[in-house]
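Dear colleague,

Please find the structure below.

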Amino acid sequence: MTIDRIWTNACLATMTGDGLGVIEPGAVASSGGVIAYAGPAAGLPRAANAQVIDCAGRWITPGLIDCHTHLVHAGNRAHEFEQRLAGASYEEIARAGGGIVSTMQATRAASEDDLVAQSLPRLDALLAEGVTTVEIKSGYGLDPQSERAMLRAARRLGRERAVTVRTTFLGAHAVPPEYADDSDRYIAMLCNDLIPQIAAERLADAVDGFCEGIGFSPAQIERVFTAAKAAGMPVKLHAEQLSNLGGAALAARFEALSADHLEHLDPSGVEAMAKAGTVAVLLPGAFYFTRETRLPPVGALRTAGVPLALATDCNPGTSPLTSLLLAMNMGATLFRLTVDECLRGVTVQAARALGLADSIGTLEAGKRCDLAIWNVAHPAELVYRMGFNPLHARVWSGQ
């Protein structure tokens, strides 16, 4: 192994163990884009020809991970924001033809190139805050051609920028107008045709669904999950956001990577997630933007040992948020997460929510060398500040 780059004179928040895994003073060394050493400066291996970067006492964390986004879409829903300010609920807007179906129309009308061009600024905003891995869902096309175009656009974003993109097929996001009177027929199309095709084309890394009264029933989601498992893809679920349909327990039964939102999660759902090791992905941006009042049961999740991740939920309707730093602040202020939980929620636990815990999320030998280097005196500043970006440098795969 030949060490090619070294970051010295640094403070490390490795995210190993149960807390931040602080090492002061620390150093990181990489070899071919992989961490060769992350630990006390005194133990740094000799490397005669390595490039040495003096961090001048700055903090290094793993590169941040946004594990739940709907980043690829066309248009926006600012007019619906005005409607909500005037008193309309999310459900009322959706049932009147707005919501997801509104974005569907704009997305279907956009070319793949248009989708890439419109999505790049959103991605760039995340990268500017130290994000090195981002999950991107489909779900605004709701027909075979448009869903596949969204996933191809997401894959292209990962080639346009130095970032790891994980794609998720979210065909079961809403019932498209063509199937308005027969949602079961739409689910059958997803299960019998589209999921196998997407798996064959390797367009998606996982399958998601929206289990809700304005989305799909648990029975329908179970059919989607069964098809996903048959195609060899892991699953995750939008669960218990607006009501409690038992989606989290269903997801846990299928060993889902994550269940996301969870404001209406009940004790049986918490227990099921804990037993399955399913990650709870909390989305305070949507909670804030929709002026939700029911908090997810963070205390119960914490007591049960369910891993807690945080994400932006970047989407045009309920969380037009492209700041993972602000999502951490919201997680602390709205959901009463600790600083450690927030920082671990966008690193090690976010990696678990994507099934990538073996390769990213912590600073330790063998993991990909994804780093965020910060102009802060203590990691708590990353959660404390609002509208301020202290990123000094971002490193992806050692570069």
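**Salt bridges and helix packing**

Arginine 253 and glutamate 222 form a salt bridge, with their closest N and O atoms 3.4 Å apart; the term denotes a side-chain nitrogen of Lys or Arg within 4 Å of a carboxyl oxygen of Asp or Glu. The pair links distant parts of the chain, 31 residues apart, with arginine 253 in helix α8 (residues 247-253) and glutamate 222 in helix α7 (residues 218-230). Helices here are DSSP runs (H or I, at least four residues), numbered from the N terminus.

This is a predicted model, in which local features need pLDDT of at least 70 and side-chain atom pairs count only at pLDDT 80 or more, while totals for chains, interfaces and linings use all residues. Residues are numbered from 1 along each chain as its sequence is written, and side-chain values use heavy atoms, leaving out hydrogens and water.

Across the whole structure, 21 salt bridges are found. One of them joins the side chains of glutamate 201 and arginine 148 (3.1 Å, N to O). Glutamate 201 lies in helix α6 and arginine 148 in helix α5, so this pair ties together parts that are 53 residues apart in sequence.

The axes of α5 (residues 144-160) and α6 (residues 183-201) come within 11 Å and cross at roughly 30°. Axes are lines fitted to C-alpha atoms over the stretch in contact, and angles run from 0 to 180 degrees between N-to-C directions. The contact (heavy atoms within 4.5 Å) involves Pro144, Glu147, Arg148 and Leu151 of α5, and Met189, Leu194, Gln197, Ile198 and Glu201 of α6.

Yours sincerely

Notes:
Helix = DSSP H or I, 4+ residues; strand = E, 2+ residues; numbered from the N terminus.
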